Amino acid sequence: MSFQGDEYGKRTLDFVQRLQKLTSYDDICRHVVTELEWFGFTHVSSISLPGPGREATQCILMNTRPREYIDRYIEKNYVVRDPVVTELRRTVNPYSWSDVRARRDLSKSEKAILDEGREFAARDGLTIPIVNLSGSMSLFCPCGLEPNLSERARAALEIIGIYADQALKRAILQGHREEPAHTPLTPREREIMQWVATGKTDEEIGDILSIGATTVTSHVENAKQKLDAFRRTYAVVQALRFGEITL
Amino acid sequence: MVIVLTGRDRRKNPDYFDQHFRLRHEVFVRRRGWALPCANGREIDQYDTDEAIYFFDLNQDNIVRGSIRIAPSETCSLLADYFPHLVETGDPLRAPDIYECTRYIVMPDRKSRDDNRAAKARVIGAMLEWCLRKKLAFLQTVIETKTLASYLELTPLTIPLGLSHPYGGGRRAPGGGECMAIRWPVSPQVLDDVRAYGAHEPRAEAFAGFDSIGRHTPSELLH
């Protein structure tokens with residue numbers, strides 16, 4: 001009734017099964033790198049796209065591309081011109097660097113960015129956009145000298161990327177949870193801290209939520225206590241660190 | 001509130017079912033452009049049998065704002081009937097302890113991120129509770145590959161049954177894209193994951209806070 005998959009299918013399903021047993025961040029990274037090598041990908045970066053006010057360097061879930069390359073990339077602010085990134089304005093489906101070259105005429109500066117990648121042992125690569133319904137977006141980008149970019153390989157890498165992204169996020173989250181313990185906020189406290197983070201006063205928040213300013217103040221005070229913070233600025237920072245609110 | 005009805009209850013509760021069929025028409029036929037059998041603005045197919053189980057998420061005014069349908073895979077399986085090529089593991093698609101879910105819809109009155117999460121968890125949680133009580137082994141379904149990340153967000157125990165394949169689409173046949181088959185083990189762990197998801201557990205994305213590049217990537221992997 002159902003056909004037995006080829007090597008791509010088998011490997012990928014096996015990859016997922018083994019990944020589901022891993023909890024340590026380092027083990028997950030190793031597992032992903034080993035799997036990518038089979039496809040001829042020697043490097044990978046996995047990024048959760050930065051929201052407003054967050055530095056690109058803070059959003060890296062995993063990276064094995066050379067340090068000098070990344071430093072240069074950030075210093076030159078390539079991210080706004082890199083055709084492999086700007087292609088995301090056109091599609092949310094996976095694509096390779098060579099697809100981008102074939103799809104449209106690149107400007108000189110765009111070509112220069114791609115060519116620079118070659119100097120760092122990456123002739124071609126894949127960009128796999130990962131969209132969550134909760135509104136965040138990640139990219140999984142393996143690259144190498146002669147990577148396998150066949151249709152089946154792409155289908156396999158899409159699943160590998162999505163699973164790797166989720167596993168890395170969970171491992172990082174677990175790492176933060178094990179740091180200092182904190183009492184979770186109530187939904188109302190969380191909502192109010194979200195407004196505090198945008199710079200609203202207690203009166204303004206009260207108006208928005210149709211409650212009294214004093215009620216808002218008492219929610220903030222409770223949140224401060226739970227977050228072990230004396231001042232509300234620090235409470236906002238703590239709430240962000242613990243993942244209670246987002247920017 | 002989520003209510004559970006079987007296909008046999010259709011005559012006793014025409015109102016809920018009518019709302020459900022209209023909602024399906026709106027979501028799958030009008031918005032997604034799937035070529036499905038429909039009449040009078042309602043979408044009803046061959047899997048709407050007496051054995052099918054429906055989970056309806058009702059708002060305060062008793063309006064259906066979310067729903068999911070499951071059916072025993074032995075008699076009703078879209079996967080086995082139309083998409084057997086999606087399964088590359090050789091796993092059996094029809095078994096008494098495997099149910100298949102289809103026509104999953106969540107449209108809460110308020111559409112904030114948290115409300116969507118809570119609504120998803122309500123419908124899927126109710127379905128899992130029912131399946132646990134029935135001592136089922138797996139729930140299987142066909143999804144659009146693009147949505148895999150959202151299923152993984154619900155529970156990391158989501159198991160792929162194969163790689164993604166193109167379906168439908170093209171000129172004069174709207175809809176279409178890439179789809180794949182997945183399944184969930186029916187276990188208390190998965191139910192816990194889904195509840196935690198709905199209860200606004202801290203989001204992993206909020207934590208992607210590394211101080212410097214590659215600092216956390218094991219050093220031997222850095223070239």
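Helices (H or I, at least four residues) and strands (E, at least two) are DSSP runs, numbered from the N terminus. The structure is a predicted model, in which local features need pLDDT of at least 70 and side-chain atom pairs count only at pLDDT 80 or more, while totals for chains, interfaces and linings use all residues. Residues are numbered from 1 along each chain as its sequence is written, and chains are lettered from A and ligands numbered from 1 in the order in which they are written.

In chain B, Lys135(B) occupies the loop that links helix 3 to strand 7 (138-144). Its phi is near 55°, a positive value in a residue other than glycine. Asn77(A) is exposed, with 10 other C-beta atoms within 10 Å. Most residues other than glycine have a negative phi.

Helix 3 (residues 113-133) and helix 5 (residues 188-198) of chain B have axes that come within 8 Å and cross at roughly 160° (lines fitted to C-alpha atoms over the stretch in contact, with angles from 0 to 180 degrees between N-to-C directions). The two helices of chain B are therefore roughly antiparallel (over 145 degrees; under 35 is roughly parallel, 65 to 115 roughly perpendicular and the rest oblique).

Chain A contains 11 helices and 5 strands, and buried residues make up 38% of its 247 residues.

Technical notes:
Buried ≥ 20, exposed ≤ 12 C-beta atoms within 10 Å, placed from the backbone.
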